[in-house]
Amino acid sequence: MTDLGPVPWPPAPIRTERLVLRAAEARDRAGFVELYASQEVHTYLGGARPREELAREMPAVPGQWPGSFVVALDGVMTGQVLLRRATEHSRPAAVGKVDLGYLFLPRVWGHGYAAEACGAALDWLGGVLPDEPVVLATQTANTRSLRLAAKLGFTEVERFRAWEAEQWLGLRPAASA
Ligand SMILES: CC(C)(COP(=O)(O)OP(=O)(O)OC[C@H]1O[C@@H](n2cnc3c(N)ncnc32)[C@H](O)[C@@H]1OP(=O)(O)O)[C@@H](O)C(=O)NCCC(=O)NCCS
């Protein structure tokens, strides 16, 4: 995965009804450590990293690349939305396409925040790269993620087996389509 390429970055903070999406800042570091150390967040993502290792190795401003949005609720980081170029995806249908990822702290699940944030990030993408469809891969066991993908307008391309689990590959047409 690499970044999106020549898109204007960072964008002005994107405000939704309840959230702000913005580029990462130094004050988000603790939130990143919490997010990447959470076993619950990584249940379907291959396991979390040890908190001490993250605290030691994470850069002063983590996730600083075009397409990496911090999602802030009342000013505090509660999640990350990622739009990356899937240069080396294992599925031919996804190679070279923009790939959506999302991780939110469990305490904010179940309030529609992920849908609100991902919808705003996809709107932003539709503005800067209107001709790009978006792909999304998630384990079929990750029912919350599958529900979110459907809500965001992704439809199934295929199911496949990887990392000892069944995976779902979805596609969302380009904004201009
Ligand atoms: C995947 C993930 C982002 C989904 O989070 P989520 O909070 O369930 O997703 P949504 O924002 O769509 O919220 C949906 C729920 O909010 C509820 N909700 C409550 N208030 C709401 C409101 N005001 N507006 C919309 N929905 C609302 C919905 O009814 C829905 O409930 P349900 O799941 O019981 O049907 C989250 O589980 C996560 O971070 N998982 C770990 C990371 C991961 O696995 N990522 C996937 C691979 S990229």
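Two strands are taken to pair if DSSP finds at least two bridges between them. Helices (H or I, at least four residues) and strands (E, at least two) are DSSP runs, numbered from the N terminus. The model is predicted: local features need pLDDT of at least 70 and side-chain atom pairs count only at pLDDT 80 or more, while totals for chains, interfaces and linings use all residues. Residues are numbered from 1 along each chain as its sequence is written.

Q: How many bridges join strand β3 to strand β4?
A: Strand β3 covers residues 68-73 and strand β4 residues 76-85, and the two run antiparallel. Within this pair, Val 71 has Gly 79 of β4 as its bridge partner. The two strands form a hairpin with two residues between them, and Asp 74 in the turn has a positive phi of about 50°. The number of bridges joining β3 to β4 is six.

Q: In β5, which residue is the bridge partner of Leu 83?
A: β4 is also joined to strand β5 (residues 98-104), by seven bridges. These two strands run antiparallel. In β5, the partner of Leu 83 is Leu 100.

Q: In what pattern do helices and strands follow one another along the sequence?
A: The chain contains four helices and eight strands. Read along the sequence, their pattern is β-β-α-α-β-β-β-α-β-α-β-β.

Q: What radius of gyration does the chain have?
A: The radius is taken over C-alpha atoms, and the globule rule is 2.2 Å times the number of residues to the power 0.38. For 177 residues, a compact globule would have a value near 16 Å, and the chain agrees with this. Along its principal axes the C-alpha trace spans about 40 × 40 × 30 Å. The radius of gyration of the chain is 15 Å.

Q: How many residues of strand β7 are buried?
A: A residue is buried if 20 or more other C-beta atoms, placed from the backbone, lie within 10 Å of its own, exposed if 12 or fewer, and partly exposed in between. In the chain, buried residues make up 30% of the 177 residues. Strand β7 (residues 155-162) is hardly covered, and the count of buried residues among its eight residues is zero.

Q: Which residue of β8 stands opposite Ala 162?
A: Strand β8 (residues 165-172) runs antiparallel to β7, to which seven bridges join it. β7 and β8 form a hairpin with two residues between them. Opposite Ala 162 stands Ala 165.

Q: Is Trp 163 buried or exposed?
A: Trp 163 is found in the loop between β7 and β8. Its phi is near 50°, a positive value in a residue other than glycine. Because Trp 163 has 11 C-beta neighbours inside 10 Å, the residue counts as exposed.

Q: What is the phi of Glu 164?
A: Glu 164 lies in the loop between β7 and β8. With 6 other C-beta atoms within 10 Å, Glu 164 is exposed. Most residues other than glycine have a negative phi. The phi of Glu 164 is positive, near 60°.

Q: Against which elements do the buried residues of α4 pack?
A: In helix α4 (residues 143-151) the buried residues are Ser 145, Leu 148 and Ala 149. They cover an arc of only 100° around the axis (taken from the directions from the helix axis to the C-beta atoms), which puts them on the same side of α4. The face turned away from this buried side carries the exposed residues Thr 143, Arg 147 and Ala 150. Counting contacts as C-beta atoms within 7 Å, the buried residues pack against α3 (113-128), β6 (134-139) and β8.

Methods. Contact = placed C-beta atoms within 7 Å.
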